[in-house]
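Here is a short note to read beside the model.

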Amino acid sequence: MDPSHKSRLQNLPRILFAPLPLPLLEPILSKVVCTISRNRPELTNRLGVHKYKSFVIDPTNIPFALLLQPNPDEPSLRAYRRNQLPPHDARIAGTLLTLLDMVDGKLDGDALFFTRDLIVEGDTEAVVCLRNALDDIEGSIANDIADIFKTPGRAALAAVRRIKGEQHGSYEHDPA
Amino acid sequence: MEAMSMIRPELVCPAGTPASLRTAVDAGADAVYCGFQNATNARNFSGLNFTTAEMRGGVDYAHDKGAKLLLAINTFPPGGKTDLWKSAIDDGVCFGVDALIVADIGVAEYVSQNHPDQRLHLSVQAGASSAEAIQYYCESFNIKRVVLPRILTVKEIKAIHDEIPCEIEAFIFGNIGMMAEGRCSLTNYITGVSTNMDGVCSPASHVKYEEDKARNLMTKLGDFTVDCFSCGENAGYPTVCKGRYLVDHREEPYYAFEEPVSLNLTSLLPDLMQAGVTALKIEGRQRSRAYVRSVVSAFRKAVDGYMAGENPELSGLLALTEGHRETAGAFGGKKWR
């Protein structure tokens, strides 16, 4: 793909989300994290003591970051401008599509780290544990999230995946 | 290439989680290897491995699909603390695992005394690299297969094969460990955590990544800086053996032990198969389902192709290698650097 076209596609979410008032996201994100916590209890089981940690999930090509607290008693996912992030235990950063593909088991976290497409900061053990716990979740968490919002959610995810399809796929021998 | 007359080798694949196990089996693994969520296995990483219930389910899934499950109990119990290892063995036998992979002679003795019908494999962690050492394990504990350390050429593997009474399993892809396996104490020296007894090399609890605004990355283990990668430079694992250091005879920091590079024996598969290797092992229980799916399906295709007398084309695995570099290591000759 032409590098300038790829760069434009990568920056598209930043432009699309720029005018979005973050308080509008609160009920949506809350619904997402509560649904995943309820439907995927194995995720928090595998997190062990790290379920009480706070993780910044930082999609570098959107204008805000997410703070995830997976504690099943009080799961929380909130959006913050990067200069307003509260104290946290760890940060995981990459483009939105990279993070989505890793969560959905299509890209390998170690390989992304080797190529510097994934940035890890803070409590490395908590990050490794979260990565492993997410990787044990079969099916697509992205689909789960889209299903919460029914037709508009599925349409939005399909659009994101079309963009992804133009940018990159999974590994060559991936039969999926 | 002519179709081979030898026995089709078993493709032994990693499974760090139940989802990875199902992925490996579905991608064509003949056998998967995995461990419990404790110090009894050498990939005792946070968020990885199997509960007893998951192990029982894993055995059922593998057997339903015609695959084997090999249980790694391949660490060395500290003196007086063997109960955890005995319990893991008893559970594995109860669940019907196809083999136990062990390294410690006390653990092997416990199996041979208490579960004499249980098939035993000798882990790479035992570091048995001579015919004499392997023969000792076979005679003493009825070992049926040895996983060879990654320090031997194909020619040396063939010579060992001709002298030992058990099967050979050889690594073909993944992390390359040319340190003396089962005897490396670099992590222990720095962190106080033992790779060989606690099952953790470079524990994530002691790893720190520090990236500056220019995207230069510093990796640290404990108080030691392991490596510094400039912006855009491919990174490796934060292990001491693959760090870059200032040494007297070099002006620039230097990979004094090993380099961040992965083993890939694609080109040597026919040679290994002709040398009498029974099982081909893929490293990577700490890796994701994406890695397992890609690597297992690629090698499934390769092995089947070679057995059918074809020359299968294998490419595309470079993206999954450490530092985006691969090597045939010692297998192709002793000069791997």
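1. Leaving aside residues up to four places away in sequence, E167(B) touches R119(B), K144(B), R145(B), V146(B) and T278(B). Please keep in mind that this is a predicted model. E167(B) sits in strand β7 of chain B, which covers residues 167-175. A279(B) is 112 residues from E167(B) in sequence, yet their C-alpha atoms are 8.0 Å apart in space.

2. One of these contacts is a salt bridge: the side chains of E167(B) and R119(B) meet at 2.7 Å, N to O. E167(B) belongs to strand β7 and R119(B) to the loop between α4 (105-114) and β5 (120-122) of chain B, so the pair ties together parts 48 residues apart in sequence. As background, side chains of opposite charge can pair when their charged atoms come close.

3. R119(B), with a relative accessible area of 28%, is partly exposed.

4. A second salt bridge, between D304(B) and R300(B), has its closest N and O atoms 3.0 Å apart. Both residues lie in helix α9 of chain B, four residues apart, which is about one turn of the helix. D304(B) is partly exposed at 32% relative accessibility, whereas R300(B) is buried at 10%. Elsewhere, salt bridges that share partners join E10(B), K68(B), R119(B), R145(B), E167(B), E169(B) and K281(B) into one network.

5. Over all chains, the count comes to 35 salt bridges. One pair crosses between chains, from R289(B) in helix α9 of chain B to D135(A) in helix α6 (residues 124-135) of chain A. Their side chains meet at 3.9 Å, N to O. R289(B) and D135(A) are both buried.

6. How many salt bridges lie across the interface of chain B and chain A? The rule finds six. There are also 20 residue pairs in polar contact between the two chains, counting pairs with both residues at pLDDT 80 or more. On the side of chain B that touches chain A, α1 (18-27), β8 (207-211) and α9 (289-307) each supply at least two residues. Helix α9(B) gives the most, with seven residues. By class, that side has 18 nonpolar, 22 polar and ten charged residues.

7. The contact between the chains takes 50 residues from chain B and 38 residues from chain A. About 3400 Å² is buried between them, 49% of it on carbon and sulfur atoms. In chain B, the residues that lose the most area to chain A are S46(B), Y209(B) and R289(B), together 19% of what that side buries.

8. Chain B is itself assigned two parts, domain 1 (10-178 + 261-332) and domain 2 (193-242). Their C-alpha centres lie 26 Å apart. Domain 1 puts 19 residues into the contact and domain 2 puts in twelve residues. The area buried between these domains is about 1100 Å², with carbon and sulfur atoms giving 48%. F45(B), F76(B) and E322(B) supply 35% of the area that domain 1 buries against domain 2, more than any other three residues.

9. Which salt bridge does E322(B) form? Its partner is K242(B), with the closest N and O atoms 2.9 Å apart. The count between domain 1 and domain 2 of chain B is one salt bridge. The rule also finds eight residue pairs in polar contact across this interface, both residues being at pLDDT 80 or more. The side of domain 1 that touches domain 2 divides into eight nonpolar, eight polar and three charged residues.

Terms used
Residues are numbered from 1 along each chain as its sequence is written. Chains are lettered from A and ligands numbered from 1 in the order in which they are written. This is a predicted model: local features need pLDDT of at least 70, side-chain atom pairs count only at pLDDT 80 or more; totals for chains, interfaces and linings use all residues. Side-chain values use heavy atoms; hydrogens and water are left out. Contact means heavy atoms within 4.5 Å. Buried area is the accessible area (1.4 Å probe) that two parts lose on being put together, summed over both. A salt bridge is a side-chain nitrogen of Lys or Arg within 4 Å of a carboxyl oxygen of Asp or Glu. A polar contact is a pair of N or O atoms within 3.5 Å; within protein, one must be able to donate a hydrogen and the other to accept it, and residues adjacent in sequence count only if both atoms are side-chain atoms. Ala, Val, Leu, Ile, Met, Phe, Trp, Tyr, Cys and Pro count as nonpolar, Asp, Glu, Lys and Arg as charged, and the others, Gly among them, as polar. Domain bounds come from an automatic or database domain assignment. Buried means under 20% relative accessible area, exposed over 50%, partly exposed in between (1.4 Å probe, protein chains only).
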